[in-house]
Amino acid sequence: MTPLAGRLVTETLGYDGGRPVTAYVPAAPPRFVVFAGDGPSIASWGSVLEAAGSPPTMIVAAHRSDDETRRIHEYSPGESTTEFGFDPERFAAHETFFVEDVRRWARSRFDLAVPVERTAVLGVSAGGELALAVGLRHPDVYGAVFCASPGGGYRPPAVLPEPLPRTYLVGGTSEPWFLANATRWADALRAAGADVVLEERTGSHGGAFWRAELPLMVAWALAA
């Protein structure tokens with residue numbers, strides 16, 4: 001892995017006619033792996049972790065669709081596919097790509113071990129719905145969920161699955177709608193017995209606010 005250290009590495013996988021995946025390769029062998037959507041805009045946050053002195057962390061981020069409606073359909077299973085217009089088949093296809101293909105690529109490309117206790121899924125805004133959805137469905141894959149400012153298309157189901165992953169949620173005081181969504185999820189997960197952190201920060205909906213939280217998320221996960 002040494003020749004790639006400190007670099008963003010992008011390759012295209014076969015999903016949806018060709019969907020890129022970008023990985024941030026830390027300068028030292030990774031102690032932690034974060035999977036995410038939204039491609040290089042998230043993968044580049046590896047440099048934020050390096051600057052913060054976080055333990056070496058690889059970020060593997062599948063690129064988003066260029067079409068925002070398709071992105072939402074891929075990222076959120078919704079609550080009611082009839083009432084809210086979500087596309088369960090597209091979500092399921094993207095879920096398989098994200099959980100199986102992207103992880104398989106990371107293991108093969110970087111000779112990477114991805115033990116569940118050192119693996120998280122991260123999402124912001126609509127991507128936060130993806131993180132919650134795949135985290136709840138695959139607790140054997142992702143030991144932690146990092147979710148910032150989640151969108152409201154996917155809300156806690158009446159019955160949550162077991163077991164539940166550890167979950168770190170954050171919302172900003174200047175984005176009250178998204179903070180309310182984060183609080184809703186924290187309340188539901190706590191009621192189901194999950195290990196949950198909810199942080200309310202001074203901040204608004206955007207990358208700078210989310211980037212600043214990532215080192216805290218990783219430190220929390222590794223402290224378990």
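Reader: How many helices and strands are there in the protein?
Author: In this predicted model, the protein has seven helices and eight strands. Its radius of gyration is 16 Å, close to the 17 Å that the globule rule gives for 224 residues, so the protein is as compact as a globular protein of that length.

Reader: And what share of the residues count as buried?
Author: Of the 224 residues, 52% count as buried. As for the surface, the protein exposes about 9400 Å², and carbon and sulfur atoms supply 51% of that area.

Reader: Let me turn to the rings. How many aromatic pairs does the structure hold?
Author: The structure holds eight aromatic pairs. One of them joins F35 and Y142: the ring centres are 6.2 Å apart and the planes stand at 70°, so this pair is edge-to-face.

Reader: Where in the chain do F35 and Y142 lie?
Author: F35 belongs to strand β3 (residues 32–36), while Y142 sits in the loop between α5 (126–137) and β6 (144–148). They are 107 residues apart, and the pair links distant parts of the chain.

Reader: Is F35 buried or exposed? And Y142, buried or exposed?
Author: F35 is buried, with a relative accessible area of 1%. Y142 is buried as well, at 0%.

Reader: What about W105 and F110, how are their rings placed?
Author: Their centres are 5.4 Å apart and their planes at 85°, so the pair is edge-to-face. Both W105 and F110 are buried.

Reader: Which residues form an aromatic cluster with F35?
Author: F98 and Y142 form one aromatic cluster with F35.

Technical notes
Residues are numbered from 1 along each chain as its sequence is written. This is a predicted model: local features need pLDDT of at least 70, side-chain atom pairs count only at pLDDT 80 or more; totals for chains, interfaces and linings use all residues. Side-chain values use heavy atoms; hydrogens and water are left out. Helices (H or I, at least four residues) and strands (E, at least two) are DSSP runs, numbered from the N terminus. The radius of gyration is taken over C-alpha atoms; the globule rule is 2.2 Å times the number of residues to the power 0.38. Buried means under 20% relative accessible area, exposed over 50%, partly exposed in between (1.4 Å probe, protein chains only). Accessible areas come from the Shrake-Rupley method with a 1.4 Å probe; for residues, only the protein chains shown count as cover. Rings of Phe, Tyr and Trp (its six-membered ring) pair if their centres lie within 6.5 Å; planes under 30 degrees apart count as stacked, over 60 as edge-to-face and the rest as tilted.
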